[in-house]
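Subject: Structure handover

Hello,

The structure you asked for is below. My notes on what was found in it follow.

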Amino acid sequence: MSEISKPFALTAPLARDLAVRSRLSAGPGGGRSEDDGGEGQVGVVTKTRPKTKKPSLYRVLLLNDDYTPMEFVILIVEQVFNKSREEATSIMWHVHNEGVGECGVYPYEVAETKVTQVMDAARRNSHPLQCVMEKQ
């Protein structure tokens, strides 16, 4: 018998795979009738859920200089970072004594906006105050 005329035989794993595919493509009930019982027929339905990654956080830092008035730093921290007078004063003293102070931790876009607001306000008022962000 030539290769082409040999009868086609399904192996057991291939036959099972084809049977499962035909049931799944038949829709609800897998192509079975109610009285069929469906013995030996198992299907697995999986649903993948996309994993959302938490955004990276950035620390917004004020840098000390010898020229920006302390009261201006307090006002900036109150207005831009929504801190109370006490919190703002504490941050200002930390910046003054340590050379740098953290004003908050935010997602990238928020941190970038706050840095820009601080820098713009400092320039408008002719102060050399510097504000930076660093990845946490």
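Strand 1 (residues 57–63) and strand 3 run antiparallel and are joined by six bridges. Two strands count as paired if DSSP finds at least two bridges between them. Helices (H or I, at least four residues) and strands (E, at least two) are DSSP runs, numbered from the N terminus.

Before you read further: this is a predicted model, in which local features need pLDDT of at least 70 and side-chain atom pairs count only at pLDDT 80 or more, while totals for chains, interfaces and linings use all residues. Residues are numbered from 1 along each chain as its sequence is written, and side-chain values use heavy atoms, with hydrogens and water left out.

The three strands make an open sheet in the order 2-1-3, with antiparallel pairing. Strand 2 (100–107) and strand 3 (130–135) are the edge strands, each pairing on one side only. On average, neighbouring strands are turned by 25° against each other, direction ignored. Axes here are lines fitted to C-alpha atoms, for helices over the stretch in contact, and angles run from 0 to 180 degrees between N-to-C directions.

The chain as a whole

The protein chain has four helices and three strands, and along the sequence they follow the pattern α-β-α-α-β-α-β. Of the contacts with a separation of 6 or more, 64% are between residues 24 or more positions apart; contact means heavy atoms within 4.5 Å. Of the 136 residues in the protein chain, 26% are buried. Buried means under 20% relative accessible area, exposed over 50%, and partly exposed in between (1.4 Å probe, protein chains only).

Helices

Helix 3 (residues 85–98) lies across strand 1 and strand 2, at about 125° to strand 2. Helix 4 lies across strand 1, strand 2 and strand 3, and runs at about 165° to strand 3.

The axes of helix 2 (residues 70–81) and helix 4 (residues 108–124) come within 11 Å and cross at roughly 145°. Helix 2 contributes Phe72, Ile76, Val80 and Phe81 to the contact, and helix 4 contributes Lys114, Gln117, Val118, Ala121 and Ala122. By class, the residues of this contact are seven nonpolar, one polar and one charged. Ala, Val, Leu, Ile, Met, Phe, Trp, Tyr, Cys and Pro count as nonpolar, Asp, Glu, Lys and Arg as charged, and the others, Gly among them, as polar.

Salt bridges

A salt bridge is a side-chain nitrogen of Lys or Arg within 4 Å of a carboxyl oxygen of Asp or Glu. By this rule there are four salt bridges. In one of them, the closest N and O atoms of Arg59 and Glu102 are 2.5 Å apart. Arg59 lies in strand 1 and Glu102 in strand 2, so this pair ties together parts that are 43 residues apart in sequence. Arg59 is partly exposed at 26% relative accessible area, and Glu102 is partly exposed at 35%.

Glu71 and Arg85 form another salt bridge (2.8 Å, N to O). With Glu71 in helix 2 and Arg85 in helix 3, the pair ties together parts 14 residues apart in sequence. Glu71 is partly exposed at 42%, as is Arg85 at 38%. Arg85 also meets Glu78 in a salt bridge (3.2 Å, N to O).

Regards
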